[in-house]
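Let's take a friendly walk through this model, one piece at a time. Have the sequence and the 3D view open as you read.

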Amino acid sequence: MNKTGLDYVHGYAPVALSRLQDQARTLADLLHHDTRYPPGAHVLEAGCGAGAQTVLLAERSPQATFTCVDVNESSLATARDRCTGLNNARFIRADVRSLPFPDATFDHVFVCFVLEHLARPDTALDELIRTLRPGGTLTAIEGDHGSVLMHPDNRASRAAIACQVRLQRRARGEPMIGRRLFPLLAAAGLGSVHVEPRTVYADATRPGLVDGFVHRTFTAMIADIEDAAVDAGWVTRATFAEGIAGLRRCTEPDGAFAYTFFKAVGVRPEAPPR
Ligand SMILES: C[S@@+](CC[C@H](N)C(=O)[O-])C[C@H]1O[C@@H](n2cnc3c(N)ncnc32)[C@H](O)[C@@H]1O
């Protein structure tokens, strides 16, 4: 647990920040082809990290303004550097569980790959919705580590992925939160909640996804937890290595890999949500 009171499973090493950048760039069209904010809209991006999504959002909605918050100062510094050419994004250190903004400050809220790291995504949603004006939208995008499909399937790869799931749960996160977005947003009182699964499917005909997602995002994320998983006694080093090899095997000409993200949008009703 660090001084923010969070035990954030991916950590803040340059390699982890760079992986988020690869992920954002590779998935930009899949996740954001329909993310547009109108001129003059004021948008809160919660848990912006190193600004990997911010760049995409701010470029796609150049006449909206983005207030981007994160608990981690070094990630915010990277985000500020990355966004120097953009004049519609500002970065503030803040905790999404207790935001320094009055009620109904924002026209829209955007949160991506953050709820999965929170012990209480429900109370964080309440706080985010408090800052959202009635009629404004909240967009949440999350992954789901239970959604992996591999060909050929590999027991050791599944064991390695299961270690990532255990580590994230040990840090009080929920790595399978994607499938829960509908009930979470509905229970938070948002109306017109609409959830879409967005599947990344990679085979040899999609070399950009094979490299950008299977190798540089998903396999890199799993490879990163080898020491933690072995130290915890959940898997042997040999099995873990076999698992990583199994993930790479899916990227050969006769292989295939799929992972599903979930994108949810809900509207804050006129009356207080709950
Ligand atoms: C997986 S990263 C995602 C970053 C960014 N949204 C992206 O997609 O590249 C999760 C981010 O959430 C931030 N975070 C976790 N808990 C937070 C909290 N309670 N308040 C603000 N930020 C938080 C972490 O510091 C980290 O930067």
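This is a predicted model: local features need pLDDT of at least 70, side-chain atom pairs count only at pLDDT 80 or more; totals for chains, interfaces and linings use all residues.

On the α1 side, the contact is made by Arg19, Asp22, Gln23, Arg25 and Thr26, while α8 brings residues including Gly208, Leu209, Phe213 and Met221. Sort the residues of this contact by class and you get four nonpolar, five polar and four charged.

Helix α1 (14-26) also turns up around the ligand: α1 and α3 (52-60) each give at least two residues to the shell there. Which of the 22 residues around the ligand come nearest? They are Leu20, Gly47, Gly49, Ala52 and Val96. By class, the shell is made up of twelve nonpolar, seven polar and three charged residues.

Most residues other than glycine have a negative phi, and most peptide bonds are trans.

Are they buried or exposed? Alanine 104 is partly exposed, because 15 other C-beta atoms lie within 10 Å. Phenylalanine 113 has 20 C-beta neighbours inside 10 Å, so it counts as buried.

Finally, look at the peptide bond from histidine 151 to proline 152: it is cis, with omega near -5 degrees. Proline 152 sits in the loop between β6 (149-151) and α6 (155-170).

How values were computed
Residues are numbered from 1 along each chain as its sequence is written. A residue is near a molecule or strand if its C-beta atom, placed from the backbone, lies within 6 Å of it. Helices (H or I, at least four residues) and strands (E, at least two) are DSSP runs, numbered from the N terminus. Ala, Val, Leu, Ile, Met, Phe, Trp, Tyr, Cys and Pro count as nonpolar, Asp, Glu, Lys and Arg as charged, and the others, Gly among them, as polar. Two residues are in contact if their C-beta atoms, placed from the backbone, lie within 7 Å. A residue is buried if 20 or more other C-beta atoms lie within 10 Å of its own, exposed if 12 or fewer, and partly exposed in between; C-beta atoms are placed from the backbone.
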